[in-house]
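Reader: Please take me through the sheet in this model, and through the cavity beside part of it. I would like one connected account.

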Amino acid sequence: MYVAFGKKSVAVAVSALTALAVSACGTTSGGSDAPKQPSVLELLASDLKGSLQKTAEATTKSDSVTVSMTGTAGGEKVEMRGVIDLGDPVKAEMTVKDPKGDPTVVRMVGAVVYVEIPAADRAEMNGKRWMKMDLSAAGEQAGMNFGKQFEDIDPTKQVKTLLATEGTKVVGQETVNGAATVHYTVTVPVATHLQQMDAKLRAGVEQQMTKMGVKEITTDLWVDEQYQPRRATLKMGPLGDLVMDYTDYGKAVTVEAPPTAETLDFAEMLKGLQGLTAGN
């Protein structure tokens, strides 16, 4: 999605935000004759379903997480970093870099996205600092529920997707950003992957993926010794690849909608432009 402000275009990776998914060591008993207790890493590798369930439970208890995302989506380079408030509704503030490397701050509150307007272009926007886009309203017009998809940014739901998917396998122990983890992977046909999505959105996404030549999707997840996702990747063939790194679970964050006085509604702006066109 592109939102143009004057001569500068900001790439807002809205679809990438849905992709957003997913170190106490185990101890052994002190007695020499007592059986050795398996470490958390050993349990993560040997008890796949049980470990993923514990991961879902642990992540549910977290109020927030910091996310760093890189990759490509829809032929565009994706690079963003920020924090996610995992409350209800889900909120996020991300710094997104466009293909030229220019940063833009994007806030999300539920299904409403606020894009910071570059300072040089605010005079043309009545001095407003933020552009508001209500994706739920856009979804109603398109017969889709974008709000539901943005709720799936919660990494807990990414873990539950692996739980619900047959064929998830353990790759082995690996280190991610200095943390010991166990790596899981699953590859499924597009139709199977889309069963986890909202039914109203599924048809449109499936059509897009078919046009792009995507036949299967591979999801990988790395879980640490605290049963918290540390990395998730999504490989979608010609449609793109995404890597999400998770840190700072539970760190206090504050994400709020910008003041109304500083906000320009994109939908209202379009109506004004359409009115001018009709008048001519």
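Author: What follows goes through the sheet and then turns to the cavity. The model is predicted. Its open sheet has 12 strands in the order 9-10-11-12-13-3-4-5-6-7-8-14, and the pairing is mixed. Strand 9 (169-176) and strand 14 (263-265) are the edge strands, each pairing on one side only. From one strand to the next, the twist averages 20°.

Strand 13 (residues 241-247) pairs with strand 3 (residues 64-73) in the antiparallel sense over 6 bridges. Within this pairing, Met69 has Met244 in strand 13 as its bridge partner. Strand 13 also pairs with strand 12 (residues 229-235), again in the antiparallel sense, over 5 bridges. Here Leu234 is bridged to Leu242 of strand 13. The hairpin of strand 12 and strand 13 has 5 residues between the strands, and Gly237 takes a positive phi near 60° in this hairpin.

Further along the order, strand 10 and strand 11 form an antiparallel pair over 9 bridges. Thr181 has Asp224 in strand 11 as its bridge partner. Helix 3 (residues 48-60) lies across strand 9, strand 10, strand 11 and strand 12, and runs at about 110° to strand 10.

Strand 10 (179-189) and strand 11 (216-224) also contribute to the largest cavity: along with helix 6 (155-164) and helix 7 (190-194), each supplies at least two residues of the lining. The space in this cavity is about 70 Å³. Of its 10 lining residues, Thr161, Thr165, Val186, Val188 and His193 lie nearest the centre. The lining comprises 4 nonpolar and 6 polar residues, with no charged residues.

How values were computed
Residues are numbered from 1 along each chain as its sequence is written. This is a predicted model: local features need pLDDT of at least 70, side-chain atom pairs count only at pLDDT 80 or more; totals for chains, interfaces and linings use all residues. Side-chain values use heavy atoms; hydrogens and water are left out. Two strands pair if DSSP finds at least two bridges between them. Helices (H or I, at least four residues) and strands (E, at least two) are DSSP runs, numbered from the N terminus. On a 1 Å grid over the protein atoms alone, a cavity is a set of points where a 1.4 Å probe fits but cannot get out, and a pocket is an open set with protein on both sides within 12 Å along at least five of seven lines; lining residues have an atom within 4 Å of a point. Grid points are joined across faces, edges and corners, and a volume is the space filled by probe spheres set on the points. Ala, Val, Leu, Ile, Met, Phe, Trp, Tyr, Cys and Pro count as nonpolar, Asp, Glu, Lys and Arg as charged, and the others, Gly among them, as polar. Axes are lines fitted to C-alpha atoms, for helices over the stretch in contact, and angles run from 0 to 180 degrees between N-to-C directions. Contact means heavy atoms within 4.5 Å.
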